[in-house]
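Here's a quick briefing to read with the model open beside you. Take it topic by topic and click along as you go.

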Amino acid sequence: MNTATASLDRFAAPINRAGDAILPLLARLVFAGVLVHYFWKSGVTKLGDGIFGIFNPSLGAYAQIFPKAMEAVGFDTSQLTVFHWAVVVGGTLAEFILPFLIIIGLLTRLATIGMIGFIVVQSLTDLYGHNGFANGVLGAWFDRFPDAVILDQRAFWVLCLLILVFKGAGALSVDRLLFRNAP
């Protein structure tokens, strides 16, 4: 039995080493190919007019992030607080900056944890702020339907990002260039 185990270990060792190098790079590539345009397009919808539109968010930005608060004030953003403005500006900046950092592999673990947090907040906003429970977007695991927006799709998003949290940016990353010992 020990001979079989040792043979299996010898067979698996190079595959494990290759996985440590390739999986993070593939996770970043999949993130770039599948999700980066989603987040950047969403960020663009939140920009106000002009070159400093990031600091003067659109009405839609507030409606997307604080739907119930906007409804309560009759969609008049002047009645919201500086807290609302800061969250909208911070969320909009996060939609641009975090994906960029992940793609180039700079401060990858930190950016990825931020992106996972963003997805959690986005999902909770969709469920509670936009009545996602009533609209059926939550879905359910183990139900044979793989297309629920929250539980199914976003679970795959987070799984892809967790590879980067645990493995780092991998090969061909700025992290690798700056921090020679980074995985």
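A crossing counts as left-handed if the near helix is turned anticlockwise from the far one by less than a right angle, and as right-handed if the turn is clockwise. With that in hand: α5 passes α6 in a left-handed crossing. Keep in mind that this is a predicted model.

**How α5 and α6 meet**

- The two helices, α5 and α6, pack at an angle of about 140 degrees, and their axes are 9 Å apart.
- Angles over 145 degrees would count as roughly antiparallel, and α5 and α6 are therefore oblique to each other.
- On the α5 side, the contact uses Gly-91, Ala-94, Glu-95, Leu-98, Pro-99, Leu-101 and Ile-102.
- From α6 come Thr-108, Ala-111, Thr-112, Gly-114, Met-115 and Phe-118.

**The nonpolar cores**

- The largest nonpolar core has 19 residues, and those touching the most other members are Phe-31, Phe-39, Ile-102, Met-115, Ile-119 and Leu-161.
- Helices α1 (2–34), α5 (82–104), α6 and α8 (149–167) each put in at least two residues.
- The largest share of this core is from α8, with six residues.
- Apart from this core there's another one, made of seven residues, including Ala-61, Tyr-62, Phe-66 and Val-88.
- Zoom in on Ile-102: leaving out residues up to four places away in sequence, Ile-102 touches Arg-28, Phe-31, Ala-111, Thr-112, Met-115, Leu-161 and Leu-164.

**Aromatic rings**

- You'll find seven aromatic pairs in the structure.
- One of them is Phe-39 with Phe-118, an edge-to-face pair at 5.8 Å centre to centre, with 80 degrees between the planes.
- Phe-39 sits in helix α2 (residues 36–45) and Phe-118 in helix α6 (residues 108–129), so this pair ties together parts that are 79 residues apart in sequence.

**A look at Ala-27**

- Ala-27 is in helix α1, and with a relative accessible area of 4% it is buried.
- Setting aside neighbours within four places in sequence, Ala-27 makes contact with Cys-160, Ile-163 and Leu-164.
- Ala-27 and Leu-162 are 135 residues apart along the chain, yet their C-alpha atoms are separated by 9.1 Å.

Conventions:
Residues numbered from 1 in each chain as written. Predicted model: local features only at pLDDT ≥ 70, side-chain atom pairs only at ≥ 80, totals over all residues. Heavy atoms only, no water. Phe/Tyr/Trp six-rings, centres within 6.5 Å; stacked < 30°, edge-to-face > 60°. Helix = DSSP H or I, 4+ residues; strand = E, 2+ residues; numbered from the N terminus. Core = buried A, V, L, I, M, F, W, Y, C linked by side-chain atoms within 4.5 Å. Buried < 20%, exposed > 50% of the residue type's maximum accessible area, 1.4 Å probe, protein only. Contact = heavy atoms within 4.5 Å. Axes fitted to C-alpha atoms, helices over the stretch in contact; angles between N-to-C directions. Parallel < 35°, antiparallel > 145°, perpendicular 65-115°, else oblique.
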